[in-house]
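Student: Could you take me through the aromatic residues of this structure, and show me how to read burial, ring pairs and the symmetry of the chains?

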2 protein chains.
Amino acid sequence: VAEVWIAGAGMTRFGKRVESLPDLMAEAARAALAEAGVERPSVIVVAAMNPEEFTGEGNYGSLVGTHLGFSRVPAIRVETATSSGVAAVYAGFAALAAGLHRSVLVVGGEKMTHVPTPRVSEIIGRSIDPHERTYGTTMPALAGLVTRAAMHRRGLTLREISQVAVKNHAHGARNPYAHFQQEVTLEAVMESRLVADPLRLFHCCPISDGAAALVLVAEPAPVRIAGIGQGADSIAVRYRADLTSFPATQAAAKAAYAMAGFGPERVEVAELHDAFAPFELISLEDLGLVPSGKAGRATLDGETALDGRLPVNPSGGLKARGHPLAATGIAQIVELCWQLRGMATGRQVSARVGLAQSIGGLATNNWVTLLEARR
Amino acid sequence: VAEVWIAGAGMTRFGKRVESLPDLMAEAARAALAEAGVERPSVIVVAAMNPEEFTGEGNYGSLVGTHLGFSRVPAIRVETATSSGVAAVYAGFAALAAGLHRSVLVVGGEKMTHVPTPRVSEIIGRSIDPHERTYGTTMPALAGLVTRAAMHRRGLTLREISQVAVKNHAHGARNPYAHFQQEVTLEAVMESRLVADPLRLFHCCPISDGAAALVLVAEPAPVRIAGIGQGADSIAVRYRADLTSFPATQAAAKAAYAMAGFGPERVEVAELHDAFAPFELISLEDLGLVPSGKAGRATLDGETALDGRLPVNPSGGLKARGHPLAATGIAQIVELCWQLRGMATGRQVSARVGLAQSIGGLATNNWVTLLEARR
């Protein structure tokens with residue numbers, strides 16, 4: 001596979017934003033293009049999970065291309081539910097590696113905070129198996145089920161799970177792009193209101209607006225995409241053999257490590273999909289970053305904190321940076337670019353290799369991306 | 001660019017179907033996989049323009065993968081409005097040409113006939129520039145505008161435009177997969193009820209259900225994708241210099257011809273996006289298949305009929321085969337595969353090179369694909 005590099009990275013602050021989604025995407029895209037020194041990309045890949053229902057607008061590739069002033073630049077939209085951002089990175093990666101294009105603008109985002117929460121839940125719920133949805137299942141309800149199973153079978157404790165939120169809020173407090181920029185105590189997390197037993201409000205990521213963008217090129221640039229892989233699993237959760245790990249993450253990791261030619265031992269910083277706090281612990285083990293059964297303990301011991309052995313979610317993660325769906329997978333990679341290049345002011349770690357993991361739906365469409373700083 | 005081949009092609013009959021969209025996609029996919037002799041593709045690319053609003057279901061890559069019995073096969077969804085099917089072909093092409101996969105199942109479809117027509121119009125209307133939509137613009141209204149301009153500036157006549165519908169219905173009458181399998185007279189077309197002046201009902205494609213699928217591989221197979229290209233134009237029609245040709249088609253054709261290493265002179269059969277009958281005439285000239293200003297005359301003279309110099313829409317086109325949005329771009333390629341392989345019983349033409357053109361939105365996202373039979 002031909003080499004693909006990241007020449008520019010940009011994102012908006014995540015949170016409750018008054019700007020339109022095209023404006024948010026333009027802000028992120030302009031930052032990435034400026035850093036890359038690319039005036040006009042040869043193709044645009046847009047990620048938005050469901051702009052039609054969130055904003056009433058469609059044909060989003062053309063809409064965003066026109067809004068950016070690139071109405072004659074070909075644009076496509078890519079979607080894999082909540083991991084759509086990385087799917088767009090992958091489509092751009094493939095176009096470059098195939099020699100079809102010279103530079104790709106990848107931009108993803110979502111605008112959600114203007115929509116009433118029950119309607120947001122309904123729209124996101126379209127990612128759930130239709131039969132299971134007839135029982136009133138929501139994404140937090142499924143996450144609660146996974147959490148209960150993980151507590152029962154893998155011995156995860158609520159204290160360990162809650163510490164993920166405490167850590168990620170501490171990181172987010174140092175990130176000017178984060179939705180939440182304040183710390184929370186373990187007590188505050190454990191006493192916040194119940195959302196879906198045993199998950200409480202502070203175990204769950206917020207509803208956010210925002211956008212993120214990358215410029216990919218075929219010539220050497222500061223960061224290389226060393227590996228990228230996708231894994232899949234049944235959309236019907238009832239058909240899964242086990243709820244306490246995500247085979248889609250394991251398969252994505254295997255593919256990404258194989259492409260990169262190295263394994264988890266070289267990863268020095270990671271951005272993981274902590275839409276629900278326990279997912280960070282499950283993912284740490286699925287990715288081989290922490291031995292099986294040790295993620296909770298490692299988190300309590302501070303191994304995954306900014307100053308730990310393996311900083312996880314230095315951005316604040318989905319929990320504190322926020323989760324504007326299709327922006328998230330790209331924002332994880334933006335954060336890693338900044339970390340690998342020494343540009344993550346206030347939350348800088350020391351790393352040359354980073355890993356991003358993104359979860360689509362209830363782990364039906366997962367992606368792992370490995371980034372390496374240019375030598 | 002590495003070579004990409006089509007090893008299998010399949011589609012459902014288009015029309016008013018009672019089956020679910022996943023069932024329709026499965027029918028098309030199984031036919032394509034069986035022909036290709038591929039038991040399990042290494043990746044799935046799904047095209048659906050707006051399954052969330054048409055069917056209430058999302059996460060469509062995972063949904064379709066699971067429904068096909070391939071829940072562990074990575075799947076992504078690609079969208080470029082009404083040309084989404086070809087965008088999925090392109091994504092699959094890129095994945096193969098980049099060496100990322102060995103076999104790709106591309107499957108696209110739409111289920112629309114169960115939705116009340118005004119709601120269908122609203123959903124499709126999301127492809128229109130939001131500002132222009134505030135004036136009540138619909139896709140047929142914009143097409144009417146284009147048609148009036150083409151009649152005024154390029155001298156197209158209603159008789160020429162109507163003959164496109166007559167020809168394509170005559171072709172559809174020979175295609176067992178077509179939505180409409182009966183001929184219509186010129187009088188019936190010209191006297192059908194007005195939809196958007198000067199377009200009448202029989203100038204417009206129907207609302208259809210259906211799905212189509214291809215299996216792409218990197219090893220030689222019966223048909224090669226010799227070229228594929230995308231062109232774009234402003235989603236805001238008010239910013240276009242001219243309404244009587246589509247720069248997005250011209251750009252897509254230029255890219256596809258460049259990749260193929262040959263031009264329109266080698267094209268022996270074409271499937272064009274006649275969502276509105278005049279678009280076939282505009283497209284013939286945009287693609288260089290007929291000299292500028294001659295498409296209407298050529299059509300009246302029978303040049304584009306099944307037994308003409310250059311058969312156009314032997315399938316019946318969008319007009320008669322039908323237009324289940326994201327199925328259409330793939331179905332055009334399925335028809336060309338059958339034509340190039342001598343499998344188009346009842347409507348077979350003699351051709352080794354075929355061209356498919358697909359229009360997304362009001363010509364904001366157009367694609368041209370060139371196919372060549374294996375020597």
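Student: Is Phe279(B) buried or exposed?

Tutor: Buried means under 20% relative accessible area, exposed over 50%, and partly exposed in between (1.4 Å probe, protein chains only); Phe279(B) counts as buried because its relative accessibility is 2%. This is a predicted model, in which local features need pLDDT of at least 70 and side-chain atom pairs count only at pLDDT 80 or more, while totals for chains, interfaces and linings use all residues, and side-chain values use heavy atoms, with hydrogens and water left out. Residues are numbered from 1 along each chain as its sequence is written, and chains are lettered from A and ligands numbered from 1 in the order in which they are written.

Student: Which residues form one aromatic cluster in chain A?

Tutor: Phe246(A), Phe276(A) and Phe279(A) form that cluster, and both Phe276(A) and Phe279(A) are buried.

Student: What rotation superposes chain B on chain A?

Tutor: Copies are superposed by least squares on the C-alpha atoms of residues with pLDDT of at least 70 in both; here the rotation is 180°, with 0.0 Å of shift along its axis and an RMSD of 0.0 Å. The two copies are therefore related as by a two-fold rotation axis.

Terms used. Phe/Tyr/Trp six-rings, centres within 6.5 Å; stacked < 30°, edge-to-face > 60°.
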